[in-house]
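Keep the sequence beside the view as you read.

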Amino acid sequence: MIRVEFKYEAVADALAEASARLDDMTPLHEDIAEYMVGATKGRFLDGKAPDGSKWAPKTAATLAAYLARGDGARPRPLIGPSGRLGREIAKLVSRDSVEIGSSLEYSAVMQDGARKGAFGRDAGNHPIPWGDIPARRWLGISEENERKIIEIADGHLAEAFDERGTNLPQ
């Protein structure tokens with residue numbers, strides 16, 4: 001699992017307030033996780049990193065390799081023959097945290113990139129990977145994600161105050 005920690009002050013403040021006021025953060029964390037899994041899967045459709053930058057296109061060599069293997073034309077970045085990386089976004093939720101990621105062994109390489117031969121050589125003495133792989137950030141929190149997480153936290157706070165019969169602070 002890849003871990004990306006965020007340092008967004010507004011999100012951190014909203015979550016800290018929620019933590020101070022809610023008895024159990026698990027329902028809030030579950031809602032954040034569900035939202036972020038969907039948002040992360042959406043990046044594969046858009047081909048964009050959390051910061052809005054477009055993912056690097058696949059190289060001609062990669063496209064040719066797909067065709068040679070009979071995998072068809074797969075021009076969209078990070079969507080290979082199986083499509084697993086974009087479909088198998090995992091979440092881990094607890095009272096204390098939310099984690100989003102993938103257990104696929106190549107997920108970190110797709111996130112951070114790798115230089116040709118970074119992982120040694122195969123039995124035929126070919127470099128692994130056989131070419132440079134650019135970083136294509138698929139994990140992270142965009143500005144829109146940040147706003148939505150704050151809305152989710154605010155909703156849970158409003159619900160908690162309503163259940164207790166008190167008003168939200170202004």
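Where is N125 found? N125 sits in the loop between helix 5 and helix 6. Its phi is near 65°, a positive value in a residue other than glycine. We will come back to that loop.

First, the ground rules. This is a predicted model, in which local features need pLDDT of at least 70 and side-chain atom pairs count only at pLDDT 80 or more, while totals for chains, interfaces and linings use all residues. Residues are numbered from 1 along each chain as its sequence is written, and side-chain values use heavy atoms, with hydrogens and water left out.

Now the overall plan. The protein chain has six helices and two strands. Helices (H or I, at least four residues) and strands (E, at least two) are DSSP runs, numbered from the N terminus. Along the sequence the order is α-α-α-α-β-β-α-α. The protein chain has 170 residues, and 36% of them count as buried. Buried means under 20% relative accessible area, exposed over 50%, and partly exposed in between (1.4 Å probe, protein chains only). The accessible surface comes to about 10,400 Å². Carbon and sulfur atoms hold 51% of that surface. These areas come from the Shrake-Rupley method with a 1.4 Å probe; for residues, only the protein chains shown count as cover. A contact means heavy atoms within 4.5 Å. Among contacts with a separation of 6 or more, 59% join residues 24 or more positions apart.

Turn to helix 2. Helix 2 covers residues 26-46, 21 residues in total. From first C-alpha to last it reaches 30 Å, close to the 30 Å expected at 1.5 Å a residue. That expected span is 1.5 Å times one less than the number of residues. Its buried residues include L28, I32, Y35, M36 and F44. Just after helix 2, G47 takes a positive phi of about 65°.

Pick out H29 in helix 2. H29 counts as buried because its relative accessibility is 6%. Leaving aside residues up to four places away in sequence, H29 touches V93, S94, R95, D96, S97 and V98. The C-alpha atoms of H29 and I152 are separated by 9.4 Å, although the two residues are 123 residues apart along the chain.

Next, the empty space. Rolling a probe the size of a water molecule over the atoms shows where such space is left. The largest pocket has a volume of about 770 Å³. Of the 29 residues that line this pocket, T62, Y66, M110, W130 and I133 are the closest to its centre. Helix 3 (60-69), helix 4 (84-87) and helix 5 (107-112) are the elements that give two or more residues to the lining. Helix 3 gives the most, with five residues. A pocket is an open set of points on a 1 Å grid over the protein atoms alone, where a 1.4 Å probe fits, with protein on both sides within 12 Å along at least five of seven lines; lining residues have an atom within 4 Å of a point. Grid points are joined across faces, edges and corners, and the volume is the space filled by probe spheres set on the points.

Finally, the loops. L78 lies between helix 3 and helix 4. Its phi is near 65°, again positive in a residue other than glycine. L78 counts as buried because its relative accessibility is 9%. Back in the loop between helix 5 and helix 6 (143-164) is P129. The peptide bond from I128 to P129 is cis, with omega near -10°.
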